[in-house]
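Open the model in your viewer and keep the sequence panel beside it. The stops below say what to select next and what is there.

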Amino acid sequence: MAATTLRHNWTLEEARSLLDMPFNDLLFQAQSVHRQYFDPNEVQVSTLLSIKTGACPEDCKYCPQSGHYNTGLEKEKLLELEKVVAEARAAREKGASRFCMGAAWRSPAEKDMPYVLDMIRQVKSLGLETCMTLGMLQPEQAEELAGAGLDYYNHNLDTSEKYYNHIITTRTYQDRLDTLANVRDAGMKVCCGGIMGLGEDEDDRAGLLVQLANLPQHPESVPVNMLVKVKGTPLENAEDLDPFEFVRVIAAARIMMPASHVRLSAGRETMNEQLQALCFLAGANSIFYGEKLLTTANPEADADTLLFRRLGIRPEQREQCVSEAQDEEVIVEALEHEATRHLFYDATRETA
């Protein structure tokens, strides 16, 4: 069978038609497309670490890290390099092939960049793929990150352009699209998806999928998140999304972006094993692995290992060429930064 053609001209009507298909037909089509591009029993595994938590100036209504809401989240400094490297090494030992680092910034300040670039180099030296989410990027910042070897940059659209202003007012939809373009122009891969359960309707879910699928190049990773309702945020009492509607989005994303990794992302803590299995059947082939996604819960690693075993799923492997000697050199180099810890400023301070 010839592989499904990659398209960039999807219409809202086509996306709605997919979401409205009989459930069994939709999953059959999604699984058929999935098998043309991927091993159906392999799932890419990532680990996510918050390298700077809280006090974000953005007003995203779902986010406990926003400085606009009182969620009880403690502000934290930018993590020291040796801690990040130690977390990355532990993630690799647990089976992760990609290490993602997130900072609660509107965009990185220039004085942040040397530390961020060091983190990329050190984590990449462990043989892991690297991903970061730092907010909006200017072209020169994207170039710096790419020069340090960053593989992926995450910057989600969250929802449709039509519904966006109901969720965020401190940056525009075009701001997000501009950052994605800067990431692409710098030669990095794009991780971009959205959040379901924000109060959006089916047209908004279809609109988000169309926006993603009609980018000049499909995102290599498409995280599909279920809203994690956090007390103190404006969406803490949002109505639950029908789980089958969530699976439909996974399936439609697989059909519309067949060569992308579709990530079953935030919200897995509230999903039972049967729902997660349906998501894998619908074409999800990437997860975050571990106990926390930035500031919200995630299924424990051992539970994921057990589920993989029961489903006959194995982690997607990535070629690594890092020797034990190189590994030790990385740790030693990181520890040497202890002498310069005074250079790590309080990233929660307001800057001019």
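## Stop one: Leu-208

Select Leu-208: leaving out residues up to four places away in sequence, it touches Leu-157, Asp-158, Thr-159, Ser-160, Tyr-173, Gly-193, Gly-194 and Met-196. Contact here means heavy atoms within 4.5 Å. The model is predicted, and local features need pLDDT of at least 70, side-chain atom pairs count only at pLDDT 80 or more, while totals for chains, interfaces and linings use all residues. Residues are numbered from 1 along each chain as its sequence is written, and side-chain values use heavy atoms, with hydrogens and water left out.

Leu-208 is found in helix α7. Helices (H or I, at least four residues) and strands (E, at least two) are DSSP runs, numbered from the N terminus. Is Leu-208 buried or exposed? Leu-208 has a relative accessible area of 3%, so it is buried; the term means under 20% relative accessible area, with exposed over 50% and partly exposed in between (1.4 Å probe, protein chains only).

## Stop two: Asp-158

From the contacts of Leu-208, pick Asp-158. Asp-158 lies in the loop between β4 and α6 and counts as buried, at 2% relative accessibility. Its phi is near 75°, a positive value in a residue other than glycine. Most residues other than glycine have a negative phi. Show the side chain of Arg-176 as well: a polar contact of 3.4 Å joins it to the side chain of Asp-158. A polar contact is a pair of N or O atoms within 3.5 Å; within protein, one must be able to donate a hydrogen and the other to accept it, and residues adjacent in sequence count only if both atoms are side-chain atoms.

## Stop three: Arg-205

Go back to helix α7 (residues 202–213) and select Arg-205. Arg-205 counts as buried because its relative accessibility is 8%. Which side chain makes a polar contact with that of Arg-205? The partner is Glu-200, at 2.9 Å. Neighbours within four places in sequence aside, Arg-205 is in contact with Leu-19, Met-196, Glu-200, Leu-241, Glu-245 and Val-249.

## Stop four: helix α5

Select residues 139–147, helix α5, and colour Gln-141, Ala-142 and Leu-145, which are buried. Looking down the axis of α5, the buried residues fall within an arc of 100°, so they line one face of the helix. The arc is that of the directions from the helix axis to the C-beta atoms. These buried residues pack against α4 (113–125), β4 (152–154) and α6 (173–185). Just after α5, Gly-149 takes a positive phi of about 105°.

## Stop five: helices α2 and α9

Show α2 (residues 23–37) with α9 (residues 273–281): they pack at an angle of about 55°, and their axes are 9 Å apart. That angle makes α2 oblique to α9. At the contact, Phe-23, Leu-27 and Gln-31 of α2 meet Leu-278, Phe-280 and Leu-281 of α9.

## Last view: the chain

Zoom out to the protein chain, which has 11 helices and 12 strands. Of its 352 residues, 55% count as buried.

Methods: Axes are lines fitted to C-alpha atoms, for helices over the stretch in contact, and angles run from 0 to 180 degrees between N-to-C directions. Angles under 35 degrees count as roughly parallel, over 145 as roughly antiparallel, 65 to 115 as roughly perpendicular and the rest as oblique.
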